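Open the model in your viewer and keep the selection tool at hand. The tour goes from one selection to the next and says what is there.

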Amino acid sequence: MNDKYQRLIKNSGIFMIANFGSKFFSFILVPFYTHVLSTGEYGTVDALVATVSLFSPIATLGIGDVIIMFLSKKEYEAKKIFANATALIVAGNILVSLVYPLFFLSEIFRQYLIYFIVLVAASSVYGVLQMYARGTNKVASCAISGVVYTVTLALSNIWLLLLVKMGIPGYLMSTVLAYLVPSIYLFIVVKDKSFNLALLDKKLMNNILKLSIPLIPTAILWTLMNLADKYAILWTVGSSGNGIYAVAHKIPTIISVIYGIFQQAWQLTTFELDSQKERSTAYSKIFELLTSIMFVLAAALIVLNRIYIICFCDASYIMAWTVSPILMYSAVLNCISGLLGSNYLIMHDTKSALKVTAVGAVINVILNFVLVPVWGLYGAAIATCIGYLYMVVKKYYDTSKFTPLNIKINRFFLANAILILMCCSVMVRRGGTFYISNVILGLGMMALYKEQFHNVADLILDKIYKRKKK
């Protein structure tokens with residue numbers, strides 16, 4: 001187990017290097033976007049790019065996570081898996097193209113359909129190539145691809161948005177280039193020299209699809225949970241409201257990014273845990289550590305969020321800071337749901353994952369179209385929270401059957417209560433009162449998890465001491 005934890009820490013560090021640059025840069029770009037794009041333009045591009053994630057699971061046939069599992073089990077040669085995965089991606093993109101004629105019904109999509117089609121193809125290829133690189137232990141290559149993504153996005157944004165001033169088309173072209181350039185790099189790095197059509201294997205494709213097909217509707221429904229609020233806002237408030245909501249989403253994205261970095265490394269470790277006892281011990285420790293980081297980080301970001309939006313974003317986006325704390329809590333619930341949900345794939349129970357996600361998505365969609373007309377952007381954020389909360393509770397009870405968690409449940413409930421109080425603090429308009437009350441609540445959150453942070457600190461100091469001794 002110690003070897004597994006060490007690999008987990010090492011891989012997490014590499015993925016942090018890979019993702020921190022690209023994700024942190026996109027966070028830095030928010031003030032830039034708010035000054036070069038109006039609220040309406042930003043709302044439009046946000047809806048377009050977000051909808052890409054709805055079609056990517058179909059374009060990839062959901063094979064990304066399954067590829068990692070097949071590579072880790074080493075039942076087939078890596079080059080054979082790569083050849084068959086490539087064929088499945090091509091088939092998936094052909095399949096998804098059958099839906100594109102429906103986009104002519106929407107003025108927004110009709111106007112930018114070519115960009116949308118290329119974005120779906122580029123993002124699906126990049127996503128699967130990253131999965132393959134991780135599955136073949138080319139973690140460093142994965143990290144470099146993240147750096148390539150960042151540099152490409154930075155240069156193309158400066159060129160197309162600031163210098164050429166192309167507006168929405170410039171934003172979309174930048175995003176396409178940011179996917180294509182690192183995809184070319186990864187293809188060169190991970191492609192086996194003996195790659196050929198003779199490696200195609202119908203049985204292997206069937207085995208991959210048997211596990212991946214149930215993941216497609218799960219991924220689509222998961223994405224719908226993120227998109228339902230955007231569509232409800234576009235329908236009732238308009239694209240300007242969606243632009244403000246997109247900015248409100250940016251700081252909570254930091255929580256998702258940090259979880260995503262860990263999840264990429266954790267995914268490589270989960271398939272190595274064989275017995276129920278081993279899984280239970282590992283999951284319990286990781287759950288406690290991850291929730292402590294997520295809750296404390298969310299509490300800190302709620303305090304910083306108001307300063308960031310007021311000081312750095314254009315005045316037309318100012319309302320975003322009042323919506324962001326609710327989305328912060330939503331991001332925490334989303335991460336916890338994702339961690340619990342990884343158990344389904346280990347047990348090859350993707351159908352149960354689909355059922356839970358389906359119910360959560362239905363709850364979210366219904367609440368969005370009920371609450372947004374009444375409470376506007378706040379209604380959208382609350383609907384998303386409730387949908388994720390259901391998924392956390394349901395997944396906890398489902399997965400405890402095959403991976404029991406030994407956690408301090410009372411502390412978990414109290415942490416949720418503190419974060420909800422911090423979300424409600426947006427009603428306090430006076431800056432001084434807002435900051436003081438939230439700092440006190442944030443310190444309370446840290447006190448709850450002091451044991452976790454002491455353990456991490458001891459681990460780091462122990463490693464430093466051992467290195468010095470050598």
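Start by selecting Tyr112, which counts as buried because its relative accessibility is 10% (buried means under 20% relative accessible area, exposed over 50%, partly exposed in between, with a 1.4 Å probe and protein chains only). This is a predicted model, in which local features need pLDDT of at least 70 and side-chain atom pairs count only at pLDDT 80 or more, while totals for chains, interfaces and linings use all residues. Residues are numbered from 1 along each chain as its sequence is written, and side-chain values use heavy atoms, with hydrogens and water left out.

Rings of Phe, Tyr and Trp (its six-membered ring) pair if their centres lie within 6.5 Å; planes under 30 degrees apart count as stacked, over 60 as edge-to-face and the rest as tilted. The count comes to 20 aromatic pairs. Tyr112 and Tyr115 make a tilted pair, with 6.5 Å from centre to centre and 45° between the planes.

Next, select Phe434 and Tyr435. Their aromatic pair is edge-to-face, at 5.3 Å centre to centre and 80° between the planes. Phe434 is buried, at 0% relative accessibility, and Tyr435 is partly exposed, at 25%.

For a group of rings, select Phe32, Tyr33, Tyr42, Tyr171 and Tyr317, which form one aromatic cluster.

Now turn to the helices. Helices (H or I, at least four residues) and strands (E, at least two) are DSSP runs, numbered from the N terminus. Select helix 4 (residues 78-97) and helix 9 (residues 202-212), which pack at an angle of about 70° with their axes 10 Å apart. Helix 4 is therefore roughly perpendicular to helix 9 (angles under 35 degrees count as roughly parallel, over 145 as roughly antiparallel, 65 to 115 as roughly perpendicular and the rest as oblique). Axes here are lines fitted to C-alpha atoms, for helices over the stretch in contact, and angles run from 0 to 180 degrees between N-to-C directions.

Which residues of helix 4 and helix 9 meet? Lys80, Ile81, Asn84, Ala87 and Leu88 in helix 4 meet Leu204, Met205, Ile208 and Leu209 in helix 9 (contact means heavy atoms within 4.5 Å).

Two loop residues come next. Select Leu61, in the loop between helix 2 (39-59) and helix 3 (64-73). The phi of Leu61 is near 55°, a positive value in a residue other than glycine. Most residues other than glycine have a negative phi. Leu61 is buried, at 9% relative accessibility. Then select Lys165, in the loop between helix 7 (139-163) and helix 8 (168-190). Lys165 also has a positive phi, near 55°, but Lys165 is exposed, with a relative accessible area of 62%.

Move to Asn242 in helix 11 (residues 239-270). Is Asn242 buried or exposed? At 0% relative accessibility, Asn242 is buried. Not counting residues up to four places away in sequence, Asn242 touches Gly43, Asp46, Ala47, Lys230, Ile233 and Leu234.

The last stop is Ile407, in the loop between helix 15 (377-399) and helix 16 (409-424). Ile407 is buried, at 13% relative accessibility. Select Phe287 too: 120 residues separate Ile407 and Phe287 along the chain, and their C-alpha atoms are 7.9 Å apart. Leaving aside neighbours within four places in sequence, Ile407 is in contact with Ser284, Phe287, Glu288 and Tyr396.
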